[in-house]
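Student: I have a new model open and would like to go through its fold. Can we begin with the contacts?

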Amino acid sequence: MSHAVTVSELVKRYHPHAPAAVDGLSFTVERGEVFGLLGPNGAGKSTTVGVLTTRMLPTSGRCLLFGTDVVARPARAKRLLAVVPQRQNLDRSLDVRQNLLFHARYHGVGRDERVRRAAELLDLMGLTDQAGQRVERLSGGQAQRVVIARALMHAPRVLFLDEPSTGLDPQSRLFLHHRIRELRERGVTVVLTTHDMEEAEDLCDRVGIVDHGRLLALDTPRALTEALPGGTTITAQVRGTDPPTEKAEEAAEAAEIVAALAELPGADSAEQGPPARGTGAAAAAERCFRLRTHKDPSVLLPDVLRVLADHGAEPVGLSTARPSLQDVFISLTGRELR
Ligand SMILES: Nc1ncnc2c1ncn2[C@@H]1O[C@H](COP(=O)(O)OP(=O)(O)OP(=O)(O)O)[C@@H](O)[C@H]1O
C-alpha cells in the first residue's frame, strides 16, 4: 500500500542562481498520521507544502499523494488534498455556511451531501452558532476554524496546515489541537508546518526537522529527544543556611552533595548550578543542584531527597525537565529555533 505522502529528492530553486529553497528533501508520511515539518523561518517548509499541494512546480524530485504524482496528475492530486494556508482566504461576501457550501459545489459534491457535511463540520469546529454570520465579523480563531471546515468539505484524504497556530490565542490553539487529533481519529492524514516546537511535540506523531531546505532528523518527538545526550534533568532547590555558614564550609558541603548525587544508581552526572528562582536575599541564599539521568526520573526522586536530608539540606523545590525539541534543534544546528 502506498504512503499518504512520498517526497523523493525534492529540490526547489526560485531562481537559477539562488540557493535552493528546498535542497534534496526526502520523507514519507504514513496514512492517518499527524506529521510535522519543523524548522525556522525560511527553512523551506511552505515551499515543500506548495509543491505537494500543486501550487508550485518543483525544480526536480518527485512528490506523490497516495501514489498519485502531483506534477503529472495535479487535478487528481487536488481531489485528494486540502490546504489551510498561513493567511485565511475566506470569501468575505459570503456567510460561514455559504463559504463551506460553495467550496463543496466547486468540488462537485452533491447538494444533499453538501448540506449534510456543512452541518457536521460546523458542529465539529464549534461553529454552529456562527453559521449565518458574515466572515468579516469572526475572530481570528473562528476564521481559522472556518478555513479548516471549508477545507474538509470535499472529504480530502490528506490535510496540509501551514503554520496553523500563528496568531491564535492559547484557547483557540488548544481547540485547534483537539480538532486535529479528532481528524486523525477519523483517518485523515495531517501534514503541518510549524516553527513552534511545543506544537510539534504536542501534536505530531512524527516530526521532520528541516533547516536550509534539508532534512536534519526525522522521528517521533520522544525518540528525537531521548536520543540526545544528557537525558532528563532533576533540579533540587535547597534553602540556604541561616545564618550563612562560612563560604569554604558551604562549598565543601555542596561538593559532598554533588558527589553523593552523582553516585546514585541511574545518575549520569550531577553539578551545582545557579539558583533558579526569584531574586532578593532569600533567593540568593538558595542553592541549586542538578542531576542528569537517562532513567525514569520518578524512581530517582526519593534517593535525591534522601541525599539532601543526609546532608541537612532542606529542599524548597524539586523539578524534572525532559529535553525538548528545541534542545534537539540546538544540538543539530548549534542555534536556537527562534
Ligand atoms: N516566491 C519566492 N520567490 C523567491 N524566493 C522565495 C519565494 N518563496 C520563498 N522563497 C525563499 O525560499 C526559502 C524558503 O522559504 P519558505 O517560505 O519555504 O520557508 P518556511 O520554512 O516556510 O518559512 P516561513 O516559516 O517563514 O514560512 C526562503 O529563503 C525564502 O526567502
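Student: Take contacts in the chain between residues at least 6 apart in sequence. What percentage join residues at least 24 apart?

Tutor: A caution to start: this is a predicted model. Contact here means C-beta atoms within 7 Å. Among contacts between residues at least 6 apart, the share joining residues at least 24 apart is 70%.

Student: Is the chain a compact globule or more spread out?

Tutor: The chain has twelve helices and 14 strands. For its 338 residues the globule rule gives 20 Å, but the radius of gyration is 26 Å, well over that, so the chain is more spread out than a compact globule. Along the principal axes, its C-alpha atoms fill a box of roughly 80 × 50 × 35 Å.

Student: Which strands are the edges of the six-stranded open sheet?

Tutor: The strand order is β6-β7-β8-β3-β9-β10, with mixed pairing. An edge strand pairs on one side only. That picks out β6 (81–84) and β10 (214–219).

Student: Which residue in β10 stands opposite V210?

Tutor: Strand β9 covers residues 206–211. Five bridges join β9 to β10, and the two run antiparallel. Opposite V210 stands L215.

Student: Which helix packs on the sheet touching β6 and β7?

Tutor: Consider two helices. Helix α6 (residues 170–185) lies across β3, β7 and β8, at about 150 degrees to β8. The helix touching β6 and β7 spans residues 140–151, and its direction makes about 170 degrees with that of β6. That helix is α5.

Definitions and conventions:
Residues are numbered from 1 along each chain as its sequence is written. This is a predicted model: local features need pLDDT of at least 70, side-chain atom pairs count only at pLDDT 80 or more; totals for chains, interfaces and linings use all residues. Two strands pair if DSSP finds at least two bridges between them. Helices (H or I, at least four residues) and strands (E, at least two) are DSSP runs, numbered from the N terminus. Axes are lines fitted to C-alpha atoms, for helices over the stretch in contact, and angles run from 0 to 180 degrees between N-to-C directions. The radius of gyration is taken over C-alpha atoms; the globule rule is 2.2 Å times the number of residues to the power 0.38.
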